[in-house]
Amino acid sequence: MALLETSDFTGKHRISQEPNNVTILQGYINVYQPIYLAKLLGATLADAFVADVGGGTAPTDPLFLAIFDPFQKDGNCGDLYISNGIRYYLKGLIYWHFMTDKRIQVNPISGTSKANTENSSNSSNPESQVYDRWNESVDTMRAIQWYIEQNSSDYPDYNGQRLLFNSAM
């Protein structure tokens, strides 16, 4: 299943496509994509979703397409549920793991240390931007899970878990 490729990390989720990064990023995709699909849908429904995607880049079942693609739905009491789609959800979480891990360097002699930025200048608040991507993914996750819960008879195997918002503070 190839929902995400390293070349998908552009725009707000931009990760340099230098060869070393591409190799490391592919490892992150391989590890975290199945984990976060299972957290979103539960293990059984995630397995069915993956089987439907097969070797493609998107599901074919209309029930899975309903949660795969971006949507906006009105809820009760003036609530609005906005999903940027499953690919966006996964990109934000994988981006967060990649970027937060990249800040920490492992040295076999001295152990772990924070990356040094002597020869570069930081953007306005890059750490906050990384956490914003996580939180945008959590918003999308909650919208998808709300939709599934509203249509529970269509998704009887749903058993998703909630992720919490995150802060750089």
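**A chat about the fold**

Reader: Let's start at Ala143: buried or exposed?
Author: Ala143 is buried, as its relative accessible area is 2%. Buried means under 20% relative accessible area, exposed means over 50%, and partly exposed is in between (1.4 Å probe, protein chains only).

Reader: Where does Ala143 lie?
Author: Ala143 lies in helix H5, residues 126-150. Helices (H or I, at least four residues) and strands (E, at least two) are DSSP runs, numbered from the N terminus.

Reader: And what does Ala143 touch, not counting residues up to four places away in sequence?
Author: Ala143 touches Phe71, Tyr81, Ile82 and Ser83. Contact here means heavy atoms within 4.5 Å.

Reader: Before I go on, what should I know about the source?
Author: This is a predicted model, where local features need pLDDT of at least 70 and side-chain atom pairs count only at pLDDT 80 or more, while totals for chains, interfaces and linings use all residues. Residues are numbered from 1 along each chain as its sequence is written, and side-chain values use heavy atoms, with hydrogens and water left out.

Reader: Thanks! What does the secondary structure come to?
Author: The protein has five helices and four strands. From the N terminus on, the order is α-α-α-β-β-α-β-β-α. Buried residues make up 36% of the 169 residues.

Reader: Which residues touch the most other members of the largest nonpolar core?
Author: Those are Phe49, Ile67 and Ile86, in a core of 41 residues. A nonpolar core is a set of buried Ala, Val, Leu, Ile, Met, Phe, Trp, Tyr and Cys residues joined through side-chain atoms within 4.5 Å. H1, helix H2 (43-53), helix H3 (62-68), helix H4 (86-103) and H5 each give two or more residues to this core. H5 gives the most, with 10 residues.

Reader: What's around Phe49, then?
Author: Leaving out residues up to four places away in sequence, Phe49 touches Leu3, Leu37, Leu41, Pro59, Phe64, Phe68 and Ile86.

Reader: Switching to helix packing: how do H1 and H2 pack?
Author: H1 and H2 pack at an angle of about 120°, and their axes are 7 Å apart. Axes are lines fitted to C-alpha atoms, for helices over the stretch in contact, and angles run from 0 to 180 degrees between N-to-C directions. That angle makes H1 oblique to H2. Angles under 35 degrees count as roughly parallel, over 145 as roughly antiparallel, 65 to 115 as roughly perpendicular and the rest as oblique. On the H1 side, the contact is made by Leu37, Ala38 and Leu41. The H2 side brings Ala43, Leu45, Ala46, Phe49 and Val50.

Reader: And where do the axes of H1 and H4 come within 9 Å, at what angle do they cross?
Author: They cross at roughly 130°, and H1 and H4 are therefore oblique to each other.

Reader: Last topic, Cys77: what is its phi?
Author: Phi of Cys77 is near 60°, a positive value in a residue other than glycine. Most residues other than glycine have a negative phi. Cys77 sits in the loop between strand S1 (71-74) and strand S2 (80-83). Cys77 counts as exposed because its relative accessible area is 82%.
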